[in-house]
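I opened this model to look up its fold, its core and a few local details. My notes run in the order of looking.

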Amino acid sequence: MSATVEQLITGVDFIGIPTHDLEAAVEFYGATLGLRRSVYMPERNFAEFEAGNLTLNVMNAEAMGLTHRTSANAIALHVDDVGAARARLEERGLEFAGATFDTGVCHMAFFEDPDGNALMLHHRYAPRATS
C-alpha cells in the first residue's frame with residue numbers, strides 16, 4: 001500500500017535563462033523570436049518574456065550574485081509549424097544546428113540564444129504515448 005503524498009507544487013512560474021548581455025538577450029527574445037516582453041528591469045538585471053504557458057526570465061545571473069551556467073538542455077518552444085517558423089527565423093538571421101528532426105511524433109529544430117543557451121522549435125503532431 002502506498003502512502004499519499006501531499007502535492008505542494010502546482011505549476012512552474014518561470015524558467016531562468018542566464019545572459020552576460022541583457023540588452024542583446026532582450027533584442028533576441030523580443031525582436032528575433034517575437035516573444036512578448038512582460039517585464040523589463042535593467043536596473044535589477046532581468047527581463048521577462050511570455051512563451052504561452054511559461055515565462056522566460058532572462059537575467060544577468062552574475063550581477064545577481066549567482067553563477068552564470070549556460071543551459072545545454074533545450075527549452076522546447078511550441079510552434080504550429082516548425083518548418084514555417086524556422087524559415088521566418090532564418091530570414092531574421094538565426095542559425096539552426098542541423099536539419100529539422102522528426103521523431104515520429106514531433107518535429108524539432110535546435111538553435112541557441114546569443115549566450116549559447118539551448119532552445120528548440122517544437123511541434124507534436126501525433127498523440128503522446130504514456131505508460
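The entries below go from the whole chain to single residues.

**Ground rules.** I am working on a predicted model, in which local features need pLDDT of at least 70, side-chain atom pairs count only at pLDDT 80 or more, and totals for chains, interfaces and linings use all residues. Residues are numbered from 1 along each chain as its sequence is written, and side-chain values use heavy atoms, with hydrogens and water left out.

**Fold.** I looked up the secondary structure and found 2 helices and 8 strands. Both are DSSP runs numbered from the N terminus: helices are H or I with at least four residues, strands are E with at least two. Along the sequence I read β-α-β-β-β-β-α-β-β-β. The C-alpha trace spans about 50 × 45 × 25 Å along its principal axes.

I noted 131 residues, of which 35% are buried. Buried means under 20% relative accessible area, exposed over 50%, and partly exposed in between, with a 1.4 Å probe and protein chains only. I then took contacts (heavy atoms within 4.5 Å). Of those between residues at least 6 apart in sequence, 49% join residues at least 24 apart.

**Charges.** I counted 9 positive and 18 negative charges, and their mean positions lie 4 Å apart. Lys and Arg count as positive, Asp and Glu as negative; His and the chain ends are not counted. I placed each charge at NZ of Lys, CZ of Arg, CG of Asp or CD of Glu.

**Core.** The largest nonpolar core holds 24 residues, and Tyr29, Leu33, Phe111, Leu119 and Leu121 have the most contacts inside it. Such a core is a set of buried Ala, Val, Leu, Ile, Met, Phe, Trp, Tyr and Cys residues joined through side-chain atoms within 4.5 Å. Helix 1 (22–32) gives the largest share of this core, 5 residues. Beyond four places in sequence, Tyr29 touches Ile17, Gly34, Leu35, Phe49, Leu56, Val58, Asp113 and Leu119.

**Helix 2.** Which residues of helix 2 are buried? I listed Val82, Ala85, Arg86 and Leu89.

**Asn45.** I checked the loop between strand 2 (36–41) and strand 3, where Asn45 is found. Asn45 has a positive phi of about 70°, although it is not a glycine. At 22% relative accessibility, Asn45 counts as partly exposed.
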